[in-house]
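I opened my notebook next to the viewer and wrote down what I looked up, one entry at a time.

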Amino acid sequence: MNDQSEVRSTSSDFVNLDRRSFLKTGLGGAIFLGTVSATAGLSGCSSTPAGRVSAVGTRMDASYEFRFLTSDDIQLFEALLPAIIGPGLPEQPQARRMVIAGTIERIDAGIHKFGPANQKELRRLFDLLNFGLTRVTIARVWSSWPKVTTEEADAFLERWRTSGIGLFNNGYIALTKISNVAFYGYEDFWHLSGYPGPPKWAVDALPQFQNA
Amino acid sequence: MQLKDRIAQGLESGWKVTDGATLTENRALEADVVVIGTGAGGGTTAEILAKSGLSVILVEEGRLYYQKDFKMDELSAYASLYQEGMSRVTKDGAIAILQGRCVGGSTTVNWTSSFRTPDATLDYWADRFGLDALAPDAMAPWFDGREQRHNMESWAVKPNVNNDILRQGCDQLGYSWQVIPRNVKGCWNLGYCGVGCPTNAKQGALLTTVPGALDNDAHLIHGLRADKLVMNQDRIDHLQASAMAADGITPSGVTVTLKARHFVAAASAIGTPGLLLRSGIPDPHNRIGKRSFIHPVNACVAEMPEKVEPFYGAPQSIYSDHFNFSGGVDGPVGYKLEVPPLHPAMSSGVIPGHGDTQINNMARLPWMNSVIALLRDGFHPASPGGTIGLRDDGSPYLDYPVTDYLWDGLRRAFYTMAEIQFAAGAKRVRLMHLDSDWYSTWADAKAAIDQLPMELHRVRLFTAHQMGGCGMGANPEDSVVNGFGEHHHVSNLSVHDASIFPTSIGANPQLSVYALSARNSTRLANRLKA
């Protein structure tokens, strides 16, 4: 299942080619994603923001209120972040869950500021990935996200990165960009890029830091 | 040291400033002039009109942020100070658009590079668009005036290492380079211009012309979105505007109606065409939103043997115009070479990658240099620019096709950037392209650039300079406004922002906007007082 050539040969080339040519046109892609979005909504994919996720039984900080990501989206990022951030995540299970949860909260906070138009685009992308039929056909991810291994998530990202279809490249960039920014941009992980933060002498001298 | 905060003091002294989020019921206000936008164009316009004694209302969709909010933090700054929380892209998602959305507009978050409009550009406008009055000699006094107003001078401090690499590479190869003029006063050389100047050194609209207007009794309403200019026969009667909630992105439902004798649209090259299209402003030749230019940008990063610390120091201080006009003004597309600052969030978002690859990319950030190329679009028939359109919800988008003519320039720019980085001693170089590896020699990089597909979504493309869309020209059949920014068909509407440029500038556009706005506002003030 992790072998890409095997995946290619077992999927129907006819369907594959047909979809490729269809998605090559931007309009086709937009209509397709719109249809998926509607279908996913009708078929019960949750489209309401997760709100406050109970701390019991989840990794989330119950004080954070989700304004865009649904519980399905949260599961999607829980599956993708180990592949996107990779060795940047701590290995100790509890610490690892906390870092993933915090990153997902910052992704949500960031998307909230994207405004309605870009939120709509992301909603389409996330619905496509969350809806079983399209998760399998478009992303070629066979298991539901909570069961996807890091290797499978990585293989999916690689397929979209190296795809000849611009729409998939675009999806790859969208997923990795929001995740990378929310992770590497956060103070706790600055050290991973050797960034020492704002110069201390300036922080000490500036009034806006004095009341913090 | 600029520790005393001009905005905090002004607010205390009783400036007329209204936060749209505090409005609980619909309002109607009136002034001589309503200025929509508070960036390079709107700020300049408001100050000049207010100083001449006219009553002015300034409308800004973004919010008022100032020193207390500028804490050198990328995540909070990108979310609050940029359009669409820094997620703005072209219609097909292929080009990232960096654009300010706050009081002061992009001048609050730009990297302070301050160039006059190149003579070749002004001469081309005269030839091609009948804009003889904008010839270099005629514009010189306006550039002088704005350079003084915004304290623009060649950066006298040693460039940071990031910029010095561009200088060294150019020196090695015999390419010309120069020092960038910056609009700063008492700059601490920190490196955080892009997230709001923490020391009040940057002399953008936020600390110069907007306070100048407010000192002269102008009224600033921020967190207020300009929805529609409403016509009454052949004149604009009023502006219909929506107050935004405190999050800055959700309309609260409260509306504000603004009546005026004259309206100045200064909402940027995306915002202004969008507003005019939403408003159904007369457009007999279907010119609004056409010929939108962006200086398409591609980039290379390099790992240097010595520490670069690209997050510290004046972000831009060295540039090269060696390849900008070398093919003639309307020959193969030229490009200006500059350097971007690299902080962790921006770097991780711009360098494509994930997993091990990405953490290895990021781990070398202190040794990383980047060079960017800004393509001079719009001077050739094969570079007709993009189009501003409206989404279902009325918000504007930019549709920007990348033509083969531009791809040719982007490929040449990749060669030049990698060559310069290796000439400056780079250990390895990576193109901002989905298929790029790190290349350890110039020959390997060159061979890769020969082969890499120049395709949307694979080449990472950016713009921080939006221009055109309401182009000026002598002939109403191919332009929206005349050479003074006056609308061809609506007598009480002017456009004072980068949307009036008939082509791109070929240099960072802030000074071009300041100078044209000053010139056109001075005329407008005389007209309205006559």
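How many salt bridges are there between chain B and chain A? I looked that up and the count is 0. A note to myself before going on: this is a predicted model.

**Entry: where the two chains meet**

I turned to the contacts next. On the chain B side, 50 residues touch chain A, and 50 residues of chain A touch them back. For polar contacts between the chains, I found 21 residue pairs, counting pairs with both residues at pLDDT 80 or more.

Which elements of chain B give two or more residues to the side that touches chain A? They are α3 (74–81), α9 (344–350) and α10 (355–363) of chain B. I noted that α10(B) gives the most, with 6 residues. Sorted by class, this side of chain B has 22 nonpolar residues, along with 14 polar and 14 charged ones.

Then I looked up the area. The size of an interface is often given as the accessible area lost when the parts come together. Here chain B and chain A bury about 4100 Å² between them, and 61% of that is on carbon and sulfur atoms. In chain B, the residues that lose the most area to chain A are I249(B), H354(B) and I359(B), together 16% of what that side buries.

**Entry: S348(B)**

I picked one residue from chain B and found S348(B) in helix α9 of that chain. Is S348(B) buried or exposed? Its relative accessibility is 1%, so S348(B) counts as buried, given that the cut-off for buried is under 20%.

I also asked what S348(B) touches, leaving aside its neighbours within four places in sequence. My list has N180(A), V181(A) and Y184(A) from chain A, plus Q358(B) and M362(B) from chain B. As for N180(A), its backbone oxygen lies 3.2 Å from a polar atom of the S348(B) side chain.

**Entry: a strand in chain B**

Next up was β15(B), residues 335–338. In a regular strand the side chains alternate between the two faces of the sheet. I checked both faces of this one: Y335(B) and L337(B) are on one side, K336(B) and E338(B) are on the other, and all are buried.

What does β15(B) pair with? I found strand β16 of chain B, residues 368–375, paired with β15(B) in the antiparallel sense over 4 bridges. For Y335(B), the bridge partner in β16(B) is L375(B).

**Entry: chain A overall**

I then went over to chain A and counted 10 helices and 2 strands. Reading from the N terminus, I wrote the order down as α-α-α-β-β-α-α-α-α-α-α-α. Chain A has 212 residues, and 50% of them count as buried. I also looked at contacts in chain A between residues at least 6 apart in sequence, and 59% of those join residues at least 24 apart.

**Entry: R67(A)**

Where is R67(A)? I found it in the loop between β2 (65–66) and α4 (71–84) of chain A. R67(A) has a relative accessible area of 43%, so I put it down as partly exposed.

Not counting residues up to four places away in sequence, R67(A) touches P49(A), D108(A) and H112(A). With H112(A) there is a side-chain to side-chain polar contact of 3.5 Å. Last, I looked up a distance: R67(A) and S144(A) are 77 residues apart along the chain, and their C-alpha atoms are separated by 23 Å.

Terms used: Residues are numbered from 1 along each chain as its sequence is written. Chains are lettered from A and ligands numbered from 1 in the order in which they are written. This is a predicted model: local features need pLDDT of at least 70, side-chain atom pairs count only at pLDDT 80 or more; totals for chains, interfaces and linings use all residues. Side-chain values use heavy atoms; hydrogens and water are left out. Buried means under 20% relative accessible area, exposed over 50%, partly exposed in between (1.4 Å probe, protein chains only). Two strands pair if DSSP finds at least two bridges between them. Contact means heavy atoms within 4.5 Å. Buried area is the accessible area (1.4 Å probe) that two parts lose on being put together, summed over both. A salt bridge is a side-chain nitrogen of Lys or Arg within 4 Å of a carboxyl oxygen of Asp or Glu. A polar contact is a pair of N or O atoms within 3.5 Å; within protein, one must be able to donate a hydrogen and the other to accept it, and residues adjacent in sequence count only if both atoms are side-chain atoms. Ala, Val, Leu, Ile, Met, Phe, Trp, Tyr, Cys and Pro count as nonpolar, Asp, Glu, Lys and Arg as charged, and the others, Gly among them, as polar.
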